[in-house]
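Let's take a walk through this one together, piece by piece. Have the sequence and the 3D view open side by side as you read.

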Amino acid sequence: MSTFDENALIEYVTRQRWYGAKSRTVSHSEILDAIDVRTAERPLALALVELRYDTGAHDLYQLLVSGREEGILFDGLADNPGSARELVSAMRTGSTLQGSQGVVEFRPAQDLSALTRELGSARLVGSDQSNSSVVFDDALILKLFRRLEPGINPELELLRFLGEHGFRHIPALGGWYSYSGAPLAATLGLLQEYLVDGVDGWELTLDEIASAPERSLDRLGRLGEVTGQMHTVLGSDVNDPAFAPEEPSVESLGLLTATVDEEIARVFLSLPEDDERIAPILGRGEEVREQLRLLTHAGSTGRVIRTHGDYHLGQTLVSGTDWVVLDFEGEPARTLVERRRKRSPLRDVAGMLRSFAYAATAAELERGAEGVEEWEQRARDRFLESYLDTVDPTLLPSGEAAIERLLAVFELEKAVYELRYELDNRPDWVRIPVAGIERLMRQAAEAT
Amino acid sequence: MSDTWFERDPLWFKRAVFYEIHIRGFFDGNDDGSGDFRGLIEKLDYLEWLGVDCIWLLPMYESPLRDGGYDISNFFAIHADYGAVDDFRNFVEQAHQRGMRVIADLVMNHTSSDHPWFQESRSDPKGPRGDWYVWSDTDERYPDARVIFIDSEPSNWTFDPLRGQYYWHRFFHHQPDLNFDNPEVQEAMLGVLRFWLDLGIDGFRLDAVPYLFEREGTEGENLPETHAYLKRVREEVDARYPDRVLLAEANQWPEDVVEYFGDGDECHMAFHFPVMPRMFMAARREDATPIYEILDRTPQIPDNCQWGLFLRNHDELTLEMVTDEERDYMYDEYAKDPRMKLNLGIRRRLAPLLDAGMDEMQLLHAILFSLPGSPVLYYGDEIGMGDNVYLGDRDGVRTPMHWSGDRNAGFSRADWAQLYLQPLMDPVYGFQAVNVEAQLRTPTSILRWLQRFIALRKEHPVFGLGSYTPLRSDNSRIFAHIRAWEEDTVLCVHNLARSAQAVQLDLAPYAGMVPVEMLGQTAFPPIGELPYLLTLAPRGFFWFQLRQDA
């Protein structure tokens with residue numbers, strides 16, 4: 001590793017899907033540390049690569065290097081996904097490997113039966129913006145985090161915590177590996193149970209809205225319960241500082257309101273004037289802001305806890321007859337520190353309710369479902385009712401009215417974000433956030 | 001600590017918005033009537049929301065507080081009112097977690113007379129610290145060095161009856177100057193820097209930095225020896241603590257201050273003092289000339305250096321760097337009550353200086369944010385807090401932050417009488433009228449405007465990194481200039497007059513481009529070959545991004 005072609009390295013990293021800074025000019029790159037995982041005839045190493053830019057903070061990426069020829073690096077995963085088996089066996093044995101600047105620790109999470117036997121097939125599954133994944137024998141999935149940020153990854157942190165506290169609606173954690181040394185301390189990857197029979201919650205809901213709406217309502221009622229249990233567990237350990245529920249700061253509601261208010265003002269400033277789909281809310285920006293002010297005029301905000309952070313139907317599976325919650329990484333665009341911040345659990349709830357609105361419209365467009373507006377309303381009611389019956393009430397604002405108000409603020413925040421996103425990316429979907437904003441205005445008018 | 005904060009961005013300070021905090025006055029976390037680090041941590045979410053990149057702390061060290069903590073009696077301890085070193089460490093970590101950095105004041109020039117070093121030096125002239133301060137048998141050495149605190153100190157020498165000699169002090173007599181000719185003193189001060197850098201601090205504002213050395217026949221300011229020592233400090237910081245910053249407080253003319261940048265190998269930043277009174281002068285005279293002139297007089301600085309710019313800070317609005325005539329003008333206009341004067345300056349906050357005029361506050365922030373440099377905000381000015389000129393020294397601008405209309409302005413849960421100073425109660429600036437909570441809720445407040453404005457500035461690195469080209473016109477009431485960096489070209493036009501103005505700007509080099517107003521994203525008519533006509537509201541301003549197409 002001591003010599004390498006810097007340009008080839010930059011060329012390689014900046015070509016990858018998971019490379020995040022496509023618009024910036026790389027000025028310099030360097031391998032900060034390289035850790036041999038296998039030294040036999042087919043060597044394999046983990047490399048921490050730093051990219052520096054002309055301006056702004058640098059980035060660190062994880063590479064799995066399977067070989068080198070004339071200074072050009074080869075990616076161990078693309079080359080041969082099976083090479084990732086080495087990482088799993090290191091977890092199984094709990095090895096610690098030494099680099100020049102720090103160590104990589106591999107750790108097993110628990111006695112997962114799939115972990116104890118030899119692994120057979122390995123295939124690379126769609127790598128996304130921040131990580132690459134390998135599935136073994138349709139039983140285990142290894143996720144490698146590509147762009148590294150200092151600190152424990154929230155997915156590892158939440159899966160461990162939820163598992164240890166008896167919440168079963170998650171894929172079991174198999175193990176993980178992390179780096180700690182001079183450049184940084186960070187989670188490099190984790191191994192999870194792969195639920196091969198799992199049905200995507202979003203697709204299933206769309207199908208059922210069209211074919212069996214009553215069944216989907218029962219299911220979403222159950223999802224409310226599961227969500228309530230999840231939040232109760234997340235807020236249950238007062239002795240763990242990373243998870244103990246906290247009182248939000250005095251300004252928190254004011255800061256939230258101001259932030260959402262600015263966002264509303266910005267979005268309404270740039271609304272196209274000739275778009276029929278926008279007509280119901282066009283020119284009503286001030287009215288929306290007025291409603292927001294009424295919603296946040298007074299009232300408690302409950303406590304803040306660790307949350308899922310990016311909660312919607314696309315993050316769920318139905319495995320067997322019950323729900324499984326996936327992907328605790330939080331919103332990928334936010335920094336790791338932001339994603340680990342404690343927030344009101346109602347933020348997750350708002351995310352899920354907004355996703356029902358999307359499901360209703362998508363079912364209509366893509367599955368020809370009818371009566372979706374009524375379905376959405378009933379789905380909201382069912383989900384919320386069972387959620388509020390289950391969740392630890394001390395985490396929420398006191399009183400139904402205060403809960404509704406805070407929930408409406410979070411939904412408004414989401415809907416305004418969606419409006420901007422859909423205008424830029426999917427004009428056909430604009431009517432979903434438009435309807436959402438309209439409903440919130442109606443609801444707020446009734447509540448106040 | 002540093003394993004969670006590793007972002008290496010050597011020029012971060014060029015794009016940063018700084019926020020200066022008087023810890024005692026910010027928030028009381030332990031209900032004893034005085035602000036502290038625990039309280040500061042509770043308010044970090046607010047500062048993050050506001051868009052602050054770097055917090056600058058006024059002195060936090062152990063001190064008898066005869067000069068607001070600039071009289072340090074132990075460089076390695078936190079003043080008990082503020083907490084302990086662990087609280088400080090925790091604070092820095094919490095700030096870093098929110099993406100904010102922390103720098104703190106450090107006084108290298110002198111200590112408190114209570115400092116054990118001084119006590120040893122005066123009682124044991126032959127002892128190990130006998131030569132750590134500047135002692136003399138006469139008070140006639142260095143006669144060319146001016147007295148800075150003319151209101152309270154007759155001389156730079158004070159006689160110590162115990163040692164039977166005079167000691168040198170450029171500031172108060174209870175702040176003896178350290179003898180930087182002694183290599184042990186130089187080394188001891190490096191030890192102080194290392195101690196705080198190891199705790200994770202992101203840099204220092206070096207207080208009173210021009211005065212470290214004394215030489216006969218000189219004014220004792222900006223001496224070559226001082227620069228040599230600062231370069232040594234920089235070398236030490238670069239070698240062991242990358243991405244930290246040294247900010248020089250040198251209240252000098254720009255041509256002298258640039259010396260503190262060296263060749264990019266001395267201080268990273270220095271305050272631009274003379275530009276500040278000229279912004280106020282320009283606003284009062286309704287004439288942009290003083291701003292143009294001082295910027296014309298400002299030399300180029302190395303690419304890896306930056307000016308620190310501010311409207312107001314914890315000290316008096318200093319008038320050292322103006323002519324006598326200009327000073328008289330400033331006193332006449334801004335300090336009608338003699339109580340408002342202090343030393344060579346005016347001890348007032350931003351809002352009272354501008355009669356709480358919303359347009360004026362926005363205009364001055366716009367000018368500040370448009371200039372080449374990094375803006376430094378002073379706590380409380382973001383809500384237009386007032387001052388109390390009846391309090392002594394500079395306490396009038398150091399009263400508690402107004403968080404809400406609740407008891408003690410939401411600053412403390414202690415008894416009213418127990419507060420280190422009482423929040424303002426007058427009908428215009430009192431905490432019932434001017435506070436964070438109320439302004440957060442009011443979209444038209446100065447706080448909400450400033451938050452938007454900071455966000456806007458940060459979207460455009462050109463303001464921190466770009467070139468500056470003045471655009472003079474026939475209308476002297478207009479301050480206009482162009483900032484450019486990479487693809488981003490920005491035209492800033494400010495009307496200093498109390499009346500509406502029209503101006504014709506020569507924008508021929510940008511012919512064909514379209515000015516898009518940056519706050520509202522409105523496209524203006526394209527620039528042609530003829531002078532570009534703009535009309536501005538009283539105290540109004542426009543910031544345009546010049547685009548190839550709308």
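Two strands count as paired if DSSP finds at least two bridges between them. Helices (H or I, at least four residues) and strands (E, at least two) are DSSP runs, numbered from the N terminus. Before we use that, some housekeeping: this is a predicted model, where local features need pLDDT of at least 70, side-chain atom pairs count only at pLDDT 80 or more, and totals for chains, interfaces and linings use all residues. Residues are numbered from 1 along each chain as its sequence is written, while chains are lettered from A and ligands numbered from 1 in the order in which they are written.

Strand β13(B) and strand β15 of chain B (residues 345-346) are antiparallel partners, joined over 2 bridges. Look for B:Thr318, which sits opposite B:Gly345 of β15(B). Step back, and you'll see that they belong to an open sheet of 3 strands, in the order β13-β15-β14 with antiparallel pairing. The edges are β13 (317-318) and β14 (341-342) of chain B, each with a single partner strand, so one side of each has no neighbour in the sheet.

Now for another sheet in chain B. Here an open sheet of 3 strands runs in the order β6-β8-β7, again with antiparallel pairing. Which strands stand at the edges? They are β6 (135-136) and β7 (157-160) of chain B; each has a single partner strand, so one side of each is left without a neighbour in the sheet. On one flank, β6(B) pairs with strand β8 of chain B (residues 165-168) in the antiparallel sense, over 2 bridges. You can trace this pairing residue by residue: B:Trp135 has B:Tyr167 in β8(B) as its bridge partner, and B:Ser136 stands opposite B:Tyr166. On the other flank, β7(B) and β8(B) run antiparallel and are joined by 4 bridges. One of the pairs to look for there is B:Asp160 with its bridge partner B:Gln165 in β8(B). These two strands form a hairpin with 4 residues between the strands, and in it B:Gly164 takes a positive phi near 75°.

B:Ile103 belongs to strand β5 of chain B (residues 101-107). Is B:Ile103 buried or exposed? A residue is buried if 20 or more other C-beta atoms lie within 10 Å of its own, exposed if 12 or fewer, and partly exposed in between, with C-beta atoms placed from the backbone. B:Ile103 has 24 other C-beta atoms within 10 Å, so it is buried. Leaving aside its neighbours within four places in sequence, B:Ile103 has contacts that include B:Cys54, B:Trp56, B:Phe204 and B:Leu247. Contact here requires that the C-beta atoms of two residues, placed from the backbone, lie within 7 Å. B:Glu62, in strand β3 of chain B (residues 61-62), is buried too, with 20 other C-beta atoms within 10 Å. With neighbours within four places in sequence set aside, B:Glu62 is in contact with B:Ile72, B:Ser73, B:Asn74, B:Ala77 and B:His79.

Over to chain A and its helices. Helix α6 of chain A (residues 201-211) packs on helix α11 of chain A (residues 346-367) at an angle of about 65°, with the axes 9 Å apart. Axes are lines fitted to C-alpha atoms, for helices over the stretch in contact, and angles run from 0 to 180 degrees between N-to-C directions. That makes α6(A) roughly perpendicular to α11(A). (Under 35 degrees counts as roughly parallel, over 145 as roughly antiparallel, 65 to 115 as roughly perpendicular and the rest as oblique.) Among the residues making the contact are A:Trp202 and A:Leu206 of α6(A), and A:Ala359 and A:Arg367 of α11(A).

Compare α8(A) and α9(A), which pack at an angle of about 170° with axes 9 Å apart; they are therefore roughly antiparallel. In this pair, residues including A:Val260 and A:Phe268 of α8(A) meet others, including A:Val288 and A:Leu292, of α9(A).

Finally, where the chains meet, 24 residues of chain A are in contact with 22 residues of chain B. Helices α8 (252-269) and α9 (285-295) of chain A each supply at least two residues of the side touching chain B, and the largest share of that side, 9 residues, comes from α8(A).
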